[in-house]
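This report looks at one strand with its neighbours in a sheet, and then at a disulfide. Please keep the sequence and the structure in view while reading.

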Amino acid sequence: QVQLVESGGGLVQAGGSLRLSCAASAGTFTTYATGWFRQAPGKEREFVAAIRWRGGRTVYADSVKGRFTISRDNAKNTVYLQMNSLKSEDTAVYYCAVGNPEAGTSGVHYWGKGTLVTVSL
């Protein structure tokens, strides 16, 4: 069973930055691709970013490209999402996910419980 624990969410002003962390069970990142999704109130959960387990290639949603960066520290079994130039529309619960996140929610094998990011104007 894969355990995923997110942290780093909070309240930030528009234009600010936050870094989310996802701590995983040992060995997770050598087996699965890892990604971040988000879900705003009243909206469906959407893909944000992913990093492939082999080679570390990264993929981003158009809405965050150039502002968000996903990275991985295999020694710490942790994936990060650095979020810069935050906008009010980035407000959502952010979920860590492993499996095949590029395929969307149907490709996810395991979910974290989420961490709330609120961007104020």
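In this predicted model, strands β5 and β6 form a hairpin with 6 residues between them, and in the turn glycine 55 has a positive phi of about 90°. The pairing of β5 with β6 (residues 58-60) is antiparallel and covers 3 bridges, with alanine 50 standing opposite valine 59 of β6.

Strand β5 also pairs with β4 (residues 33-39), again in the antiparallel sense, through 5 bridges. Phenylalanine 37 has phenylalanine 47 of β5 as its bridge partner. Between β4 and β5 lie 6 residues, the two strands forming a hairpin whose turn contains glycine 42 with a positive phi of about 80°. The two hairpins are set out below.

| Hairpin | Residues between the strands | Turn glycine and phi |
|---|---|---|
| β4 and β5 | 6 residues | glycine 42, about 80° |
| β5 and β6 | 6 residues | glycine 55, about 90° |

As for burial, 5 of the 6 residues of β5 (residues 46-51) are buried, so this strand is largely enclosed by the rest of the structure.

The model contains 1 disulfide, formed by cysteine 22 and cysteine 96, whose sulfur atoms are 2.0 Å apart. Because cysteine 22 lies in strand β3 (residues 18-24) and cysteine 96 in strand β9 (residues 92-99), the pair ties together parts that are 74 residues apart in sequence. The torsion about the S-S bond of cysteine 22 and cysteine 96 is about -80°, so the disulfide is left-handed, and both cysteine 22 and cysteine 96 are buried.

Terms used: Residues numbered from 1 in each chain as written. Predicted model: local features only at pLDDT ≥ 70, side-chain atom pairs only at ≥ 80, totals over all residues. Heavy atoms only, no water. Buried < 20%, exposed > 50% of the residue type's maximum accessible area, 1.4 Å probe, protein only. Helix = DSSP H or I, 4+ residues; strand = E, 2+ residues; numbered from the N terminus. Pairing = 2+ DSSP bridges. Disulfide = S-S within 2.5 Å.
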